[in-house]
Amino acid sequence: MINSLYGKSILNLTELTKEEFLSIIELAVAIKAKPEAYRGVLAGKILAMIFEKNSTRTRVSFEAGIIQLGGQAIILDSKSTQMGRGEPIKDTANVMSSYVDAIMIRTFSDKMVAELAAEASIPVINGLTDDHHPCQILADFQTIYEQKGKLAGLKLTYIGDGNNMAHSFLIGGSLVGMDVTIATPKGYEPKAEYVALAKKNAQLSGSNIELLTDPEQAAKNADVLVTDVWASMGDESEQKEREAIFKSFQVNNRLAVQAKKDYLFLHCLPAHRGEEVAADIIDGTHSEIYQEAANRLHAQKALLVKVMTNL
């Protein structure tokens, strides 16, 4: 079978067909089951990793992943490169393309990442931007698949800020036929363009997209409950204001009782126990946050194999 993702940039999941998305999940599961079978598949390959935003799971999963696959990573802080001094993205992209085999970037601006991908002749992977977190969604959906045995037909409810995680759940869920409900306070909804895109996908996949402002209503019959911090990177100055606005959107037992009895709880981490999620939920029997975090490694390895080789 021809790998249609070879040489392709992954910026926000819209580049993927349903079959391509699922092929990454399937490969991630296979790599997790038999990691020794994939050692050396990226021998001689180099991944440049550019960071403007702090990172734990993204950095370690990508760096450990490419090393385990036989390649190497070069870690770049944008402040210590010419990018930090205003070098045109075009120049950076073209030069980097002659040095390394792929670029993973974790930054603020989606526009900048899109320009980097357009100018580069190698794959560019969005490790996180203000509007998207595609790599996290791959790990989350791998975890859901492992726990539930399927993706299509499930109901995922995301409760909290309509941020990059909400956008990525909308796009990914609608792509694979998963019902996605987003519950946010008024004024904090996901961006309309991503809601419209998800609804368009849902018409093809047979899923349902719903936006609500009542978190308990949103949680009804959910197979998966997800939340994220109320103030994402860049919004820290609004922390106190958001705590008051989002108070009723905490995922706790009062809310979780609305979900199915075997619901799965996920959080991309880092988490603020006692804020967006109660400690007895995130540390309880329904939570699989550590399996989810561990799957970042396997999902990122699968993504690297897909875009950097013709396997």
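**Burial and helix packing**

Me: Is A183 buried or exposed, and what is its relative accessible area?

Reply: A183 is buried; the term denotes under 20% relative accessible area, with exposed over 50% and partly exposed in between (1.4 Å probe, protein chains only). This is a predicted model, in which local features need pLDDT of at least 70, side-chain atom pairs count only at pLDDT 80 or more, and totals for chains, interfaces and linings use all residues. Residues are numbered from 1 along each chain as its sequence is written, and side-chain values use heavy atoms, with hydrogens and water left out. The relative accessible area of A183 is 0%.

Me: In which strand is A183, and which residues does A183 contact beyond its neighbours within four places in sequence?

Reply: A183 is placed in strand β6, residues 179-183; helices (H or I, at least four residues) and strands (E, at least two) are DSSP runs, numbered from the N terminus. Contact means heavy atoms within 4.5 Å. Beyond neighbours within four places in sequence, the partners of A183 are Y158, I159, G160, L212, D214, P215, A218 and F249.

Me: How are α6 and α7 oriented relative to each other?

Reply: Helix α6 (residues 164-176) and helix α7 (residues 192-205) have axes 7 Å apart, at an angle of about 15°. Axes are lines fitted to C-alpha atoms, for helices over the stretch in contact, and angles run from 0 to 180 degrees between N-to-C directions. Angles under 35 degrees count as roughly parallel, over 145 as roughly antiparallel, 65 to 115 as roughly perpendicular and the rest as oblique. The two helices, α6 and α7, are therefore roughly parallel.

Me: How are α1 and α5 oriented relative to each other?

Reply: Helix α1 (residues 18-33) packs against helix α5 (residues 134-148) at about 70°, with the axes 10 Å apart. The contact involves F21, I24, I25, A28, V29 and K32 of α1, and I137, L138, F141, Q142, Y145 and E146 of α5. It follows from the angle that α1 and α5 are roughly perpendicular to each other.

Me: What arc do the buried residues of α3 cover around the axis?

Reply: In helix α3 (residues 89-97), the buried residues are I89, T92, A93, M96 and S97. They lie on the same side of α3, because the arc they cover is limited; the arc is that of the directions from the helix axis to the C-beta atoms. Their cover includes β1 (46-51), β2 (72-77), β3 (102-106) and α4 (110-119).

Me: What is the relative accessible area of T107, in the loop between β3 and α4?

Reply: T107 is found in the loop between β3 and α4. Leaving aside neighbours within four places in sequence, T107 is in contact with E52, K53, M112, V113, L128, T129 and D130. T107 is buried, with a relative accessible area of 0%.
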